[in-house]
Amino acid sequence: MTALRAAALVTLVALAAGCQSGETADDPAAAPTAPTASTAPTDSVEPFAATSTPSASTPGVTAANTVEVCGEVDRLILAGSKKLAADSAAATRDKETTPDELNDRLKRTIAGLASDVRKQAARAEDPEIEKLIGDVAKQLDGGAKAASPAKWLGETFVDIPPKLARDCHA
């Protein structure tokens with residue numbers, strides 16, 4: 001039962017790390033917003049026309065859907081963290097759940113999260129953001145294949161939300 005409690009603790013730590021940015025999908029005031037016509041550069045005749053979409057090579061400018069994609073990845077990571085915590089907590093309450101059963105449950109949740117994150121990477125119009133989110137999906141794949149997903153959560157997963165907060169919204 002100690003392994004189950006350790007898994008629950010690690011998952012809760014991962015959940016707390018996911019909440020560090022202070023933004024949640026449920027808090028519209030904290031959610032990032034897309035640029036409006038009033039915030040668009042004035043030197044552009046048609047700021048949102050398909051021909052004026054910034055390229056990835058333009059310094060300091062990201063693709064139009066970066067905020068949306070990064071926000072969705074944040075939401076997915078937070079929801080995944082909550083599911084992992086719930087799975088772990090349920091396993092600690094259920095005296096019949098074995099550590100192997102918990103590991104399998106955690107692996108399935110992490111694999112599903114990887115798949116959802118990969119879909120967001122495919123949506124990204126900015127190649128750098130696509131690579132960043134694709135790399136996160138690969139990290140999640142590693143967690144889904146880890147011998148001890150609880151250990152992976154404490155060592156690797158906890159680093160994902162701060163990295164996304166730092167690099168995905170830049």
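Biologist: How many aromatic pairs does a search of the whole structure find?

Modeller: Keep in mind that this is a predicted model. A pair of aromatic rings is described by the distance of the centres and the angle of the planes. When the whole structure is searched, the number of aromatic pairs found is one.

Biologist: And what kind of aromatic pair do Trp152 and Phe157 form?

Modeller: The ring centres of Trp152 and Phe157 are 5.9 Å apart, with 45° between the planes. Planes under 30 degrees apart count as stacked and those over 60 as edge-to-face, with the rest called tilted. The pair of Trp152 and Phe157 is therefore tilted.

Biologist: Are Trp152 and Phe157 buried or exposed?

Modeller: The cut-off for buried is under 20% relative accessible area, while exposed means over 50%. By that scale, both Trp152 and Phe157 are buried.

Biologist: Nice. Which residues touch the most other members of the largest nonpolar core?

Modeller: That core has 30 residues. The elements giving two or more residues to the core are H2, H3, H4 (127-145), H5 (149-155) and H6 (160-167). The residues touching the most other members are Ile77, Val117 and Leu140.

Biologist: How do helices H2 and H3 run, roughly parallel or roughly antiparallel?

Modeller: Helix H2 covers residues 66-93 and helix H3 covers residues 99-123, and their axes are 10 Å apart. They pack at an angle of about 175°. An angle over 145 degrees counts as roughly antiparallel, so H2 and H3 are roughly antiparallel.

Biologist: What about H4 and H6: which residues make the contact?

Modeller: These two helices pack at about 180°, with axes 11 Å apart, so H4 is roughly antiparallel to H6. By class, their contact has six nonpolar, one polar and two charged residues. H4 contributes Ile129, Leu132, Val136, Gln139 and Leu140, and H6 contributes Ile160, Lys163, Leu164 and Asp167.

Biologist: Last one: is Asp100 buried or exposed?

Modeller: Asp100 lies in helix H3, and its C-alpha atom is 9.9 Å from that of Ala147, a residue 47 places away along the chain. The relative accessibility of Asp100 is 57%, so Asp100 counts as exposed.

Key: Residues numbered from 1 in each chain as written. Predicted model: local features only at pLDDT ≥ 70, side-chain atom pairs only at ≥ 80, totals over all residues. Heavy atoms only, no water. Axes fitted to C-alpha atoms, helices over the stretch in contact; angles between N-to-C directions. Helix = DSSP H or I, 4+ residues; strand = E, 2+ residues; numbered from the N terminus. Parallel < 35°, antiparallel > 145°, perpendicular 65-115°, else oblique. Phe/Tyr/Trp six-rings, centres within 6.5 Å; stacked < 30°, edge-to-face > 60°. Buried < 20%, exposed > 50% of the residue type's maximum accessible area, 1.4 Å probe, protein only. Core = buried A, V, L, I, M, F, W, Y, C linked by side-chain atoms within 4.5 Å. Contact = heavy atoms within 4.5 Å. Nonpolar A, V, L, I, M, F, W, Y, C, P; charged D, E, K, R; others polar.
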